[in-house]
Amino acid sequence: MKSYVVKVSDCEEGPYDETQMAQMYADRRIDRNTPCKPVSGEWKSVDDYLPMLKYGTQLPPPTAIPSAPPQPPPVLWSSQRVSVVDFDIPFGSVLKIMFKWMAAGFVVFCCFLPVIFVLWLIVAAILAALFSGAMSTFHHP
């Protein structure tokens, strides 16, 4: 069985036999264009030396990689940057919003108007009673 050396990330790895090469291809650690050479040979692609891998008929199942839970983002104790975005709102839309708020405020004011009027009458009656009592002492000697 032949042994091959592969170049991954500009580093030579190996030698690997054909079954190990098939497993690496199934795990997608190498592909058809990965540089490869026999132990005593010239550099070509994996597809040139092992063309049967591209058909996938004799590939072993991919190695199951246990999935680790995602790491939570680091807690930043310093202040975080905030970006304020400028909105381009037409002037007519701003006027509509303002008139709606004014109309809603007027409706709420009208709902509280009887309460305000009654409170004003109570305060006026108290003041009138105090003023009347204070003025009545001047008429009696």
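The following legends describe close-up views of a predicted model of one protein chain.

**View 1. Overall arrangement of the chain.** The predicted protein chain contains 3 helices and 4 strands. Of the 141 residues in the protein chain, 14% are buried. Among the contacts that join residues at least 6 apart in sequence, 40% link residues at least 24 apart.

**View 2. The open sheet.** The 4 strands form an open sheet with the order β2-β1-β3-β4, and the pairing is antiparallel. Strands β1 and β3 are joined in the antiparallel sense by 3 bridges. Within this pairing, V5 has K37 of β3 as its bridge partner. In a regular strand, side chains alternate between the two faces of the sheet.

**View 3. The hairpin of β1 and β2.** Strands β1 and β2 run antiparallel and are joined by 5 bridges. In β2, D17 stands opposite S3. The hairpin has 2 residues between the strands, and S9 adopts a positive phi near 55°.

**View 4. Helix α1 against the sheet.** Helix α1 lies across β1, β2 and β3, and runs at about 120° to β2. This helix spans residues 18-26, and its buried residues are M21, A22, M24, Y25 and A26. These buried residues pack against the strands β1 (3-8), β2 (11-17) and β3 (35-38), and also against the helix α2 (46-49). Just after α1, R28 takes a positive phi of about 65°.

**View 5. The largest nonpolar core.** Which residues have the most contacts inside the largest nonpolar core? They are M21, C36, V46 and L50, in a core of 13 residues. The elements that contribute two or more residues to this core are β1, α1 and α2. Helix α1 gives the most, with 4 residues.

**View 6. The surroundings of C36.** C36 is one of the residues with the most contacts inside the largest nonpolar core. Neighbours within four places in sequence are left aside here, and the contacts of C36 then include Y4, V5 and V6. M21 is also in contact with C36. Further contacts of C36 are made with E42, W43, K44, S45, V46 and Y49.

**View 7. The aromatic pair of Y4 and Y49.** The structure holds 2 aromatic pairs. One of them, formed by Y4 and Y49, is tilted, with 5.9 Å centre to centre and 45° between the planes. This pair links distant parts of the chain, since Y4 belongs to strand β1 and Y49 to helix α2, 45 residues apart. Is Y4 buried or exposed? Y4 is buried because its relative accessible area is 2%, which falls under the limit of 20%.

**View 8. K7 and the ring of W43.** K7 lies over the face of W43, at 4.8 Å from the ring centre. W43 is also among the residues in contact with C36.

Conventions:
Residues are numbered from 1 along each chain as its sequence is written. This is a predicted model: local features need pLDDT of at least 70, side-chain atom pairs count only at pLDDT 80 or more; totals for chains, interfaces and linings use all residues. Side-chain values use heavy atoms; hydrogens and water are left out. Buried means under 20% relative accessible area, exposed over 50%, partly exposed in between (1.4 Å probe, protein chains only). Contact means heavy atoms within 4.5 Å. Two strands pair if DSSP finds at least two bridges between them. A nonpolar core is a set of buried Ala, Val, Leu, Ile, Met, Phe, Trp, Tyr and Cys residues joined through side-chain atoms within 4.5 Å. Rings of Phe, Tyr and Trp (its six-membered ring) pair if their centres lie within 6.5 Å; planes under 30 degrees apart count as stacked, over 60 as edge-to-face and the rest as tilted. A charge sits over a ring if NZ of Lys or CZ of Arg is within 6 Å of the ring centre and within 35 degrees of the ring normal. Axes are lines fitted to C-alpha atoms, for helices over the stretch in contact, and angles run from 0 to 180 degrees between N-to-C directions.
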